[in-house]
Amino acid sequence: MGDTVISETQITYITTSDEETISLGQRLGALLSEGDVVALVGELGSGKTWFTKGLALGLGVSPDTIVTSPSFTLVNEYKGRYTFYHMDFYRLENLPEVLSAGLEEYLHDSGVVALEWADRWPEILPDKRVMVKFLIIDDRRREITLSGYDPRALEIIEDLEEEGTD
Ligand SMILES: Nc1ncnc2c1ncn2[C@@H]1O[C@H](COP(=O)(O)OP(=O)(O)OP(=O)(O)O)[C@@H](O)[C@H]1O
Ligand SMILES: [Mg+2]
């Protein structure tokens, strides 16, 4: 009986350069730990990969490491404070392909996962994911909204919020 109340929290930032997007990603990355999942959503060229570069930095991956979207490998793996897995659903055709490649397992594994084009098959995203949506405002500006409803996601987003902006 009664309605299910899902309380979602969200916070929006505007970045005005690649560097600002990286540094926002870095601040988020610094708050992540084993088992966290970051679901990245937004059109082509909206900043998902730059943000992921920041996540890697925040997770202690060497700044010399080049972060690009995985293509043939499907998953890029980086060593930082935790193992950091970077996946991208853009080139995948259908959910059976995702499942047969074993990609869903990363979402429930140890380590930290960032996933581009995470809205293609939202049904496989774990509840604990922090959703990050990117909107292109113009050439240089991106609107970046973080949201979540699971207690772990709320904790991460509130921690980020408490730090305030630079
Ligand atoms: N404020 C900004 N933040 C991030 N990138 C920006 C910003 N302003 C301009 N850009 C440009 O937008 C592009 C973002 O590229 P990026 O590869 O991160 O996008 P993406 O969302 O991963 O795209 P794709 O869906 O193709 O993987 C880069 O060319 C970058 O220079
Ligand atoms: Mg990308």
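Here are some questions and answers about this predicted model.

Me: Before we start, how are residues and chains labelled, and which pLDDT do local features need?
Reply: Residues count from 1 along each chain as its sequence is written, while chains are lettered from A and ligands numbered from 1 in the order in which they are written. As the model is predicted, totals for chains, interfaces and linings use all residues, side-chain atom pairs count only at pLDDT 80 or more, and local features need pLDDT of at least 70.

Me: Which residues come nearest to ligand 1?
Reply: A residue is near a molecule if its C-beta atom, placed from the backbone, lies within 6 Å of it. Helix 1 (18-31) and helix 2 (48-58) each give at least two residues to the shell around ligand 1; helices (H or I, at least four residues) and strands (E, at least two) are DSSP runs, numbered from the N terminus. Of the 21 residues around the ligand, the nearest are T21, G47, K48, T49 and W50.

Me: What covers the buried residues of helix 1?
Reply: Buried means that 20 or more other C-beta atoms lie within 10 Å of the residue's own, with C-beta atoms placed from the backbone. In helix 1 that goes for E20, T21, I22, L24, G25, L28 and G29. Their cover includes strand 1 (9-15), helix 2, strand 7 (142-148) and helix 5 (151-163).

Me: Why is helix 2 largely enclosed, and what do its buried residues pack against?
Reply: Ten of its eleven residues are buried, so the rest of the structure largely encloses helix 2. Among the buried ones are W50, F51 and L55. They pack (contact means C-beta atoms, placed from the backbone, within 7 Å) against helix 1, strand 2, strand 3 (75-79), strand 4, strand 5 and strand 6 (130-136).

Me: Is strand 5 largely enclosed or open, and which residues point each way?
Reply: Five of the five residues of strand 5 (residues 112-116) are buried, so it is largely enclosed by the rest of the structure. In a regular strand, side chains alternate between the two faces of the sheet. Here V112, A114 and E116 point one way, and the other way point V113 and L115.

Me: Which residue in strand 5 is the bridge partner of V37?
Reply: Strand 2 (residues 37-42) runs parallel to strand 5, joined by four bridges; two strands pair if DSSP finds at least two bridges between them. Strand 4 (residues 83-88) is also parallel to strand 5, with five bridges. For V37, the partner in strand 5 is V113.

How values were computed. A residue is buried if 20 or more other C-beta atoms lie within 10 Å of its own, exposed if 12 or fewer, and partly exposed in between; C-beta atoms are placed from the backbone. Two residues are in contact if their C-beta atoms, placed from the backbone, lie within 7 Å.
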